[in-house]
Amino acid sequence: MAVSATAAARAARRTAAGSRAARTGGGLRWDRITRWALLGLVGVLLLMYVAPVRSFLATRDRSASQSAQLRSLKAEHATLAARRAELSKPGAIEIQARRAGMVKPGERAFVVRQLP
C-alpha cells in the first residue's frame with residue numbers, strides 16, 4: 001500500500017504542475033488582462049478630469065484678474081467722488097475755468113511772458 005500511496009501523491013503533484021503549466025503556458029493570463037484593464041480605466045478617469053481641472057484653473061485666473069480690476073475701479077470711483085465733492089463747492093467751477101484760461105464776459109485777458 002505504501003508504494004501506491006506514494007505513486008498517487010506523485011501523480012497528484014504532476015497533475016497540479018501540469019495544470020499550472022497549462023495556465024502559464026498557452027492560456028489567457030487573466031491577471032495581466034485585469035491589470036491592463038484597470039490601467040486603462042484609470043487612464044480614462046484621468047482624461048475625464050482634465051477638462052474640469054482646466055476650466056477650474058481658467059475660472060480662478062479670470063476671477064483674480066476681475067478682482068484686480070474691481071479694486072482699480074473702486075479706487076477710481078473714490079477719486080472721482082472726491083473730485084465731485086470738491087467741484088460741488090461754490091466757486092470751484094469758476095476756479096477751474098480760470099485755470100483753463102477762460103475769462104468772464106466783459107473782462108480783459110492779459111498774457112504775461114518771460115517772468116523771472
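## Confidence

The mean pLDDT of this predicted model is 85 for the protein chain, and 84% of the residues reach 70 or more.

## Fold and surface

Three helices and zero strands make up the secondary structure of the protein chain. Read along the sequence, the pattern is α-α-α.

The protein chain has 116 residues, of which 1% count as buried.

## Packing of α2 and α3

Two packed helices are described by the angle between their axes and by the distance between those axes. Helix α2 covers residues 30-87 and helix α3 covers residues 92-99; the two pack at an angle of about 100 degrees, and their axes are 8 Å apart. Angles of 65 to 115 degrees count as roughly perpendicular, so α2 is roughly perpendicular to α3.

On the α2 side, the contact is made by R83, E86 and L87. On the α3 side, A92, I93 and Q96 take part. By residue type, the contact of α2 with α3 divides into three nonpolar residues, one polar residue and two charged residues.

## The segment after α3

Most residues other than glycine have a negative phi. Q114 is not a glycine, yet its phi is positive, at about 55 degrees. This residue lies in the segment after α3.

Is Q114 buried or exposed? The relative accessible area of Q114 is 82%. A residue counts as exposed when that value is over 50%, and Q114 is therefore exposed.

How values were computed: Residues numbered from 1 in each chain as written. Predicted model: local features only at pLDDT ≥ 70, side-chain atom pairs only at ≥ 80, totals over all residues. Heavy atoms only, no water. Axes fitted to C-alpha atoms, helices over the stretch in contact; angles between N-to-C directions. Helix = DSSP H or I, 4+ residues; strand = E, 2+ residues; numbered from the N terminus. Parallel < 35°, antiparallel > 145°, perpendicular 65-115°, else oblique. Contact = heavy atoms within 4.5 Å. Nonpolar A, V, L, I, M, F, W, Y, C, P; charged D, E, K, R; others polar. Buried < 20%, exposed > 50% of the residue type's maximum accessible area, 1.4 Å probe, protein only. pLDDT = per-residue confidence, 0-100.
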